[in-house]
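Here is a short report on the model shown below.

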Amino acid sequence: MSGIADTVLSLDRLSVRLPKGADRSHALSEVSLSIASNEILCVVGESGSGKSMMANAIMRLLPNDVAIDGGHMMFEGRDLCAATPTEMRAVRGAGIAMIFQEPMTALNPLRTIGDQIGEMFSIHTDLSKADITTKVLALLTDVRIPDPNAAAKAYPHELSGGQRQRAMIAMALALDPKLLIADEPTTALDVTTQAQILKLIRDLQQRRKTAVLFITHDFGVVADIADRVVVMQHGVIVEQGSAASVLNAPEHAYTKQLIAAVPPLTAPPPRKLSDETILTIAGVSKTYRTGGFLGRGARVTEAVKNVSLRLPKGATLGIVGESGSGKSTLARCIVRLIDPDTGAIVLSGKDWATMSRENVRRETRHIQMVFQDPFASLNPRRKAAELVAQGPIVHGAPRAKAIAEAKELFALVGLDPSAGDRFPHEFSGGQRQRIGLARALALKPDVLVADEPVSALDVSVQAQVLKLLADLRQRLGLSIVFITHDLRVAAQICDLVAVMKDGEIVEHGLTGKVFGDPRHPYTQALLASIPGGAFAREHAAATG
Amino acid sequence: MDAIKRYFRSPAAVAGLILLLIVIAMAISAGLLYPRDPLALAGRPLIWPFSNPRFLLGTDNSGRDIAAQIFYGARISLLIGGLATAIAILIGILVGAFAGYYGGTIDNILMRITEAFQTLPNFVLLLVLVAVFGSTLTTVTIAVGVVSWPAPARLTRAEFLSLRNREFVQAGRTLGMRDIQLILGEILPNALPPVIVYASVVMAVAILLESALAFLRLSDPNVASWGNLIGLGRDVLRVQWYVSAIPGIAILVTVLAVSLVGQGLNDALNPRLKGR
């Protein structure tokens, strides 16, 4: 695909040392790869594989106690490992530019977008003010931001996530860099926005013949965008090759495992649903009012609008939607962490929506919640067994008995029962999510509300936790409300799905039906935006 | 365990701890080394330090042994510092926890009260309290504690505000915990480290406040305290400056020790903030 002549950057046995006491001695060990102009090289790996560390090493922006301790990085005929800080400053931005995962934190909140993009020119060139303004507008037009004039004058918080990422891309491309490093640029974005940004990066790359080093954890994104692929595990490159060969004929066991863990889009064969309804949500609304003095200038946000749903006993109901669609607010209304304004939530004959706080506290063991963030949802100062035993203790179980039961639950969710004496930070992300699940199950709930329970996990861990959830619902006869933004995850585990947009349910029904034959244009758009959709379908057809 | 290891890795923190232990040792050994009443007349007045082996640090204007007063004064300073700090932190945590956890009207009321206390200069308020309630050791200790609580209250409130909406607190609520269980069992242990560190600042200030009161001869005159000794030395400051200087150094060393220990605790409990 590319000759040696137009190689833009080559890494030759690059090693990066971690400080003593880290989980391994090197973040990167003898990494060799090259990127040619006019190609997109995707670096794929799970968290901790060293892929972001590689991007920072190329920019020579490593933390103080981490250092390059071997190898070379050749860029435009010189070794970046040996470049002085002054030389590196000239390379950064002009020669190699970078875009980050979270555009909100990468942009200065106190300065306008136009100002920040213009800074690239005022640092690296001697253009006049007027020239800079024209160039900034041209760039913003180039990244297809709606109304470039207004965007240039806007502050970062005034733009949407997708627009901010477009502004970041404009900034990165300002000086026509030879190489663009994109570190998970679409991970924080909604799926429809992600599809647009991926298309934009591809278009710009083809027009400008830039080399792009694209870092991602998502094989769907790889399938959409990559020319060549590098797969990393524990700081070592385990496989590299053209996108087609790596995706369709992976050689290394780890690559195979990662690709197998990509959730297929097709729903598994439908399970038989019970006629008995366990949870009925009828006309639930929640409106937020913020700011304003005596009603003037107040902002009203209708987070949930007149939502009605029915959860059959033993079934799993998926609520899917993008950020801001109100799905998390709905989940919190169901467990009464938030009080709904109107409507009824009926669980085994009792209306939850209007129950007093004291009654909710007493009845709460019938409905339990699993949270999104396995790091934030466990009290860091309590031991794992204590965390799981807390619920029964609150509801009057003797402490020793509750702790003994907690150990049994550990086995149930696939944890070592003897691990109960350890603190949350001593567990991995997937293990912590299992603790969270055990805590919710300790009260033997009838309904489990799971709010994005696998979103913070790597794909391979995600697959394990989903398998555990499917297994538990079979064994314990659990009814589950499953909130997720990821349609691939929803397709795997849910019997029924409801698609939410701006607080309303736009479509709901059996998973196979909604995903196989979507009626609402929004559902169709969501399904079309899933990264690597075509690949996932082929992959599903090939394997099963 | 890790926190203890990190603490002993810092030379300044270890030095502070050693100094503090010396002051504590002085307080404990005062009765053994100087069995007589430290406020009893012991010899000629105004003997210079190191000139008479019986009075190593000399005598004050009324002929009382300065060394004995320094040793007994350590007791008073530590007692007032410790108790006043305990009072201030306790009130502070209670006010801050309720204000931060409940928010809204409760927060508004409690914070306005806190601000009312903060707008008055500490020392003026202390003078008023002592003037009204008298200057016994008990009233002075309580008064110093009562004027020192607003800062810990605000600190605790800030911690509670950031912690109360964390997922683990929500998880506790879905498990059916009562508010008081959430406040004491879930949030407080996580909010405590910065408050403990701040306690060292409160303690240092409490010791200084008591000394300042004594310097104005408004502290309890019937106990041997460092502040009282400085106050006495005021009359002979130009010639026999050592009467004020020696207890002054004792106060300096104690406050320094407490501050160093506080800084060490801060670095040990918040390792990520250290070394940028």
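## Overall build

Of the 544 residues in chain A, 46% are buried. A residue counts as buried if 20 or more other C-beta atoms lie within 10 Å of its own, as exposed if 12 or fewer do, and as partly exposed in between, with C-beta atoms placed from the backbone. This is a predicted model: local features need pLDDT of at least 70, side-chain atom pairs count only at pLDDT 80 or more, and totals for chains, interfaces and linings use all residues. Residues are numbered from 1 along each chain as its sequence is written, while chains are lettered from A and ligands numbered from 1 in the order in which they are written.

Chain A holds 21 helices and 20 strands. These are DSSP runs numbered from the N terminus: helices are H or I with at least four residues, strands are E with at least two. Along the principal axes, the C-alpha atoms of chain A fill a box of roughly 75 × 60 × 45 Å. A compact globule of 544 residues would have a radius of gyration near 24 Å; chain A has 25 Å, which agrees. That radius is taken over C-alpha atoms, and the globule rule is 2.2 Å times the number of residues to the power 0.38. Among contacts in chain A with a separation of 6 or more, 69% join residues 24 or more positions apart. Contact means C-beta atoms, placed from the backbone, within 7 Å.

## Two open sheets

Strands of a sheet pair through backbone hydrogen bonds, either parallel or antiparallel. Two strands pair here if DSSP finds at least two bridges between them.

One open sheet of chain A has four strands in the order β2-β1-β4-β5, with antiparallel pairing. β2 (26-36) and β5 (78-79) of chain A are at the edges with a single partner strand each, so one side of each has no neighbour in the sheet. Helix α1 (residues 51-58) of chain A packs on this sheet and touches β1 (7-17), β2 and β4 of chain A; its direction makes about 70 degrees with that of β2(A). Axes are lines fitted to C-alpha atoms, for helices over the stretch in contact, and angles run from 0 to 180 degrees between N-to-C directions.

Another four-strand open sheet of chain A runs β12-β11-β14-β15, again antiparallel. Its edge strands are β12 and β15 (350-351) of chain A, each pairing on one side only. Helix α12 (residues 327-334) of chain A packs on this sheet, touching β11, β12 and β14 of chain A; its direction makes about 60 degrees with that of β12(A).

| Antiparallel pair | Bridges |
|---|---|
| β4(A) and β5(A) | two bridges |
| β11(A) and β12(A) | ten bridges |
| β11(A) and β14(A) | five bridges |
| β14(A) and β15(A) | two bridges |

Thr290(A) has Arg299(A) in β12(A) as its bridge partner. Leu347(A) in β14(A) is the bridge partner of Leu279(A), and Leu347(A) also stands opposite Lys350(A) in β15(A).

## Helix α8

Helix α8 (residues 191-208) of chain A has 18 residues and should span 26 Å at 1.5 Å a residue; its end C-alpha atoms are 26 Å apart, which agrees. The expected span is 1.5 Å times one less than the number of residues. Its buried residues include Val191(A), Ile197(A), Leu198(A) and Ile201(A). Just after α8(A), Lys209(A) takes a positive phi of about 60 degrees.

## Contact with chain B

Chain A gives 21 residues to the contact and chain B gives 13 residues. On the chain A side, α14(A) supplies the largest share, three residues.

Notes:
Two residues are in contact if their C-beta atoms, placed from the backbone, lie within 7 Å.
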